[in-house]
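Q: I'm new to this one and would like a quick tour. Can you put it up?

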Amino acid sequence: MLAKVASCALVGLDGVLVEVEVNIAYGIPAVTVVGLPDTAVQESRERVRAAISNSGMTFPLQRLTVNLAPADLPKEGPAYDLPIALGILAASGQIPGDVLKSSLVVGELSLDGGLRPVRGALSAAYAAREAGLESVFVPATNAAEAALVPDIDVYPVEHLIALVEHVLGLDTIPVFDRRQLPDTPTPLGVFTDFAEVKGQEHVKRALEVAAAGNHNMFMIGAPGTGKTLLARAMPGILPRLTIDEALEVTRVYSAAGMLSPETPLLQDRPFRAPHHTVSYAGLAGGGQWPRPGEISLANRGVLFLDELAEFSSKSLEILRQPLEDRRVTLSRAAGSLTFPANFMLIAAANPCPCGYFGDSLRPCTCSPSTVTRYARRISGPLLDRIDIHVQVPRVDYDKLTNAKPGELSAVIRERVQAARDRQEKRFASMSNKLVCNADMGPREVRQICLLDAESENLLKSAVRQMRLSARAYHRVLKLSRTIADLDGAQDIQARHVAEALQYRTMHDTA
């Protein structure tokens, strides 16, 4: 007898429908799984056998063939346990074979028949809705995540027995109540408040500008000047995620298996700070079954790279495409996958190996050639893609001991939000979905970043004297537009261009 159950494969961030076909025939008892399964899928034979037996049902002692179609799509992970178990029960006549024909089923089985959470439940729910299915059965811990997708019924399954009783009509599993989903923003996580950072007012201003327009930023200074502290204060001034951005971020974390059942919808912008020993695949994503890397986990948030010059050149150079295209493409022999990578890069570095080149108090012990080689670890093309470059000097003793509190992050955040609101209103009439000034392309820059005569002359002179590239020219214009938005100005003025240019003085491009 043949039975079919709909399931889902996770390809990148997208769910692809997989039809689990189970056929029972006479012969030597055996279970064969075909359809390009990986080791975890092959091992489902033993998990399913134990789960069915320990749930009080009969595992058929016949020849079982399980086909995962389409056969040319690789299958990985334990999410096929539950649909395989249902297919075996249906093929052996223990449950009706057509009850779940309009449903999608995913779930990992424990040996006692309990359900464990799986990766990509959110993508599976999207795939089920797009395929026109009516419902999706997922482990109970994944139910809130899957319920973020509207217009489809989500059934939380605790145990294989509970699903069998639901199918037989003995005890119905209630549809997940979407009223259980959080409808108010969660409190902000723990972060450093800008009021706690003494001095460095110009760096705080640069971070405010970066947050207002989603611009990349590079800080350079001696050890202990507060670069890391300032970067970790960034989440406190970033605006909340919109609902579309929150779903996009949640989908990435769901595919990576990093979504907590307690927070099915991520509402705070990610802050990722990988160590400089991170591998190429760890940063960009990859593996035999490609998963999102750090730059995708930082999507719609901040990617903080401390000690930038200590990262391998291979890891740094892969940042070029994401910084331009806001996505990262992983190409493999079997095909290519694209993950979102619309992040704000905040980088920090020492000026030399000892860290004290140019310091006002401690002498540098590095030779000039050593300082030059250290600086060349960060390529010019990468620096050219960073909008804001600032020096972080040593903080004076008087400022360190000043008891007067600084400006609160909440106050700065209000200004950042007001600037973002102006940008959202400006981009609302455009066909392409832009969110921040940093997202603008050359066409939008020509339309929006208009200069008066004074500003034009100032920028023209700066381009010649600073030898700015065409990319840097456009980035200065976008940065000027953000500064004007923070100022509440309708048009870009000379003072806005002047401030934008001062953030490029550390880096001249040939």
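A: Before the tour, one term: buried means under 20% relative accessible area, exposed means over 50%, and partly exposed is in between. By that scale R119, at 22% relative accessibility, counts as partly exposed. Keep in mind that this is a predicted model.

Q: What does R119 do with its side chain?
A: The side chain of R119 meets that of E76 in a salt bridge, at 2.5 Å from N to O. The two come from distant parts of the chain, 43 residues apart. E76 is in the loop between strand 4 (63-69) and helix 3 (81-91), and R119 is in the loop between strand 7 (115-116) and helix 4 (121-130).

Q: And E76, buried or partly exposed?
A: E76 counts as buried, because its relative accessibility is 18% and buried means under 20%.

Q: How many salt bridges does the structure hold?
A: The structure holds 29 salt bridges. Another of them joins E317 and R320, with the closest N and O atoms 2.5 Å apart. E317 is partly exposed, with a relative accessible area of 26%, and R320 is partly exposed as well, at 29%.

Q: What about D387 and R475, are they buried or exposed?
A: Both D387 and R475 are buried. Their side chains meet in a salt bridge of 2.7 Å, N to O. D387 lies in the loop between helix 15 (380-384) and strand 18 (388-391) and R475 in helix 20 (residues 470-487), so the pair ties together parts that are 88 residues apart in sequence.

Q: Which residues are linked with them in a network?
A: The salt-bridge network links E324, D384, R385, D387, R471, R475 and R504.

Q: Let's step back. How many helices and strands in the protein chain?
A: There are 21 helices and 18 strands in the protein chain. Of its 510 residues, 53% count as buried. The C-alpha atoms fill a box of roughly 85 × 50 × 45 Å, taken along the principal axes.

Q: What share of the contacts join residues at least 24 apart?
A: Counting contacts between residues at least 6 apart in sequence, 73% join residues at least 24 apart.

Q: Now the inside. How many residues are in the largest nonpolar core?
A: The largest nonpolar core has 68 residues, and F218, L319 and F343 are those with the most contacts inside it. A second, separate core has 52 residues, including A210, V390, I448 and L459. In soluble globular proteins, nonpolar side chains tend to be buried together.

Q: Which residues is F343 in contact with?
A: Leaving aside neighbours within four places in sequence, F343 is in contact with several residues, among them N214, I295, R300, L303, L319 and L323.

Q: Why is strand 17 called largely enclosed?
A: Strand 17 (residues 344-349) has 6 of its 6 residues buried, so it is largely enclosed by the rest of the structure.

Q: Which of its residues point which way?
A: M344, I346 and A348 point one way from strand 17, while L345, A347 and A349 point the other way. In a regular strand the side chains alternate between the two faces of the sheet.

Q: Which strands pair with strand 17 in the parallel sense?
A: Strand 10 (residues 217-220) pairs with strand 17 in the parallel sense over 4 bridges, and F218 stands opposite A347. Strand 14 (residues 302-305) also pairs with strand 17 in the parallel sense over 4 bridges, with F304 opposite I346.

Q: At what angle do the axes of helix 4 and helix 9 cross?
A: The axes of helix 4 and helix 9 (residues 243-255) cross at roughly 115 degrees and come within 7 Å. That makes helix 4 roughly perpendicular to helix 9. A121, L122, S123 and Y126 in helix 4 meet L247, T250, R251 and S254 in helix 9.

Q: Last one: where is R362 found?
A: R362 is in the loop between strand 17 and helix 14 (368-375). At 45% relative accessibility, R362 counts as partly exposed. Leaving aside neighbours within four places in sequence, R362 is in contact with Y356 and R394.

Technical notes. Residues numbered from 1 in each chain as written. Predicted model: local features only at pLDDT ≥ 70, side-chain atom pairs only at ≥ 80, totals over all residues. Heavy atoms only, no water. Core = buried A, V, L, I, M, F, W, Y, C linked by side-chain atoms within 4.5 Å. Buried < 20%, exposed > 50% of the residue type's maximum accessible area, 1.4 Å probe, protein only. Contact = heavy atoms within 4.5 Å. Pairing = 2+ DSSP bridges. Salt bridge = Lys/Arg side-chain N within 4 Å of Asp/Glu carboxyl O. Axes fitted to C-alpha atoms, helices over the stretch in contact; angles between N-to-C directions. Parallel < 35°, antiparallel > 145°, perpendicular 65-115°, else oblique.
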